Amino acid sequence: MSGLDFSIIADALPFLGKGLMMSFMLTGIAMVGGLLLGLVLAILRLSRLRLVSAVAALYVNGFRAIPLILVIFWFYFLVPLAVGRPVGALHSVIIAFILFEGAYYSEILRAGMQSVRPGQWQAAKASGLGYLQTIRLVVLPQALRKMAPLMVTQGVILFQDTSLVYVVSLHDFMTSASIVANTQNRIVEMYVFAAVVYFILCTLGGALAERLKPKRDRA
């Protein structure tokens with residue numbers, strides 16, 4: 001340990017900070033986009049129309065069965081072919097993350113919506129509310145409260161998964177740490193620092209998820 005030099009971290013902080021901001025940005029955009037897409041998919045999966053429900057289920061199960069890194073590769077190479085022009089690594093990654101996370105958030109939201117007691121649905125219908133009005137005004141607020149811990153936990157996993165964007169040469173936090181480690185020949189120091197940063201941020205996210213749980217469900 002006497003040969004280690006952690007002073008390189010201080011010199012590299014501006015560069016590492018930019019990478020961390022990229023990780024935060026990807027996490028935030030993917031969470032918002034994934035939640036919106038997931039809500040649509042959850043509603044479709046709960047539809048009484050079998051074909052609509054089956055198509056939504058096929059989408060969800062399909063994306064949940066594929067590694068995220070493969071989805072990133074797909075959209076990095078296929079989106080430019082589909083639109084006929086380059087779209088850049090960032091936009092391809094954002095599309096891939098939103099579509100991938102939408103499948104996971106849809107299952108979280110669907111579970112929350114199904115946990116609402118049938119009497120709530122019936123009461124809303126008796127009050128003259130339509131299907132979408134019932135979801136928006138009655139079911140969704142309750143589902144979001146119940147599923148908030150799971151959504152935060154999925155966000156923590158998503159933050160960790162942003163490290164996969166190295167495959168398309170985006171400089172997230174982990175990629176930035178790797179660049180510094182290799183250019184400065186301080187591999188141990190940088191990877192220890194990166195591990196500490198991920199540990200602190202993910203532990204804070206886990207603590208938030210635990211705090212959002214109802215008191216009776218806390219460990």
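Contact here means heavy atoms within 4.5 Å. I noted that first, as the helix pairs below rest on it.

**Entry 1: ground rules**

I am working on a predicted model, where local features need pLDDT of at least 70, side-chain atom pairs count only at pLDDT 80 or more, and totals for chains, interfaces and linings use all residues. Residues are numbered from 1 along each chain as its sequence is written, and side-chain values use heavy atoms, with hydrogens and water left out.

**Entry 2: the chain**

I looked up the secondary structure and found 8 helices and 0 strands. Helices (H or I, at least four residues) and strands (E, at least two) are DSSP runs, numbered from the N terminus. Read from the N terminus, the order of elements is α-α-α-α-α-α-α-α. The C-alpha trace spans about 70 × 50 × 25 Å along its principal axes.

**Entry 3: helix 3 against helix 4**

I took helix 3 (residues 68-83) and helix 4 (residues 88-114), whose axes come within 8 Å and cross at roughly 135°. Axes are lines fitted to C-alpha atoms, for helices over the stretch in contact, and angles run from 0 to 180 degrees between N-to-C directions. The angle makes helix 3 oblique to helix 4. The cut-offs I used: under 35 degrees is roughly parallel, over 145 roughly antiparallel, 65 to 115 roughly perpendicular, and the rest oblique.

The crossing of helix 3 with helix 4 is right-handed. A crossing is right-handed if the near helix is turned clockwise from the far one by less than a right angle, and left-handed if anticlockwise. On the helix 3 side I listed Leu68, Val71, Ile72, Phe75, Tyr76 and Val79, which meet Ala89, Ser92, Val93, Ile95, Ala96, Phe97, Leu99 and Phe100 of helix 4. By class this contact has 13 nonpolar, 1 polar and no charged residues. Ala, Val, Leu, Ile, Met, Phe, Trp, Tyr, Cys and Pro count as nonpolar, Asp, Glu, Lys and Arg as charged, and the others, Gly among them, as polar.

**Entry 4: the partners of helix 8**

Next I checked helix 7 (residues 173-183) against helix 8 (residues 187-212): their axes come within 8 Å and cross at roughly 160°. The two are therefore roughly antiparallel, and their crossing is right-handed. Phe173, Met174, Ala177, Ser178, Val180, Ala181 and Asn182 of helix 7 meet Ile187, Met190, Tyr191, Phe193, Ala194, Val197 and Tyr198 of helix 8. I count this contact by class as 12 nonpolar, 2 polar and no charged residues.

Helix 6 also packs on helix 8, at an angle of about 170° with the axes 7 Å apart. This pair is therefore roughly antiparallel. Helix 6 brings Ala148, Pro149, Val152, Thr153, Val156, Phe159 and Gln160, and helix 8 brings Tyr198, Leu201, Cys202, Gly205, Gly206, Leu208, Ala209 and Leu212. The classes are 11 nonpolar, 4 polar and no charged residues.

**Entry 5: Ser163**

I looked up Ser163, which sits in the loop between helix 6 and helix 7. Leaving out residues up to four places away in sequence, Ser163 touches Asp172, Met174 and Tyr198. Ser163 and Met174 are 11 residues apart in sequence and 5.6 Å apart in space, C-alpha to C-alpha.

**Entry 6: pockets**

The search ran on a 1 Å grid over the protein atoms alone; a pocket is an open set of points where a 1.4 Å probe fits, with protein on both sides within 12 Å along at least five of seven lines, and lining residues have an atom within 4 Å of a point. Grid points are joined across faces, edges and corners, and a volume is the space filled by probe spheres set on the points.

The largest pocket holds about 310 Å³. Its lining is Leu46, Ser47, Arg48, Trp121, Gln122, Lys125, Leu129, Gly130, Tyr131 and Thr134. Helix 5 (118-126) and helix 6 (131-161) each give two or more residues, and helix 5 has the largest share, 3 residues. That lining divides into 4 nonpolar, 4 polar and 2 charged residues.

The second largest pocket holds about 190 Å³. Its lining includes Phe24, Thr27 and Met31, together with Val152, Phe159, Leu201 and Cys202. Helix 1 (7-45), helix 6 and helix 8 each give two or more residues to this lining. I noted 8 nonpolar, 3 polar and no charged residues there.
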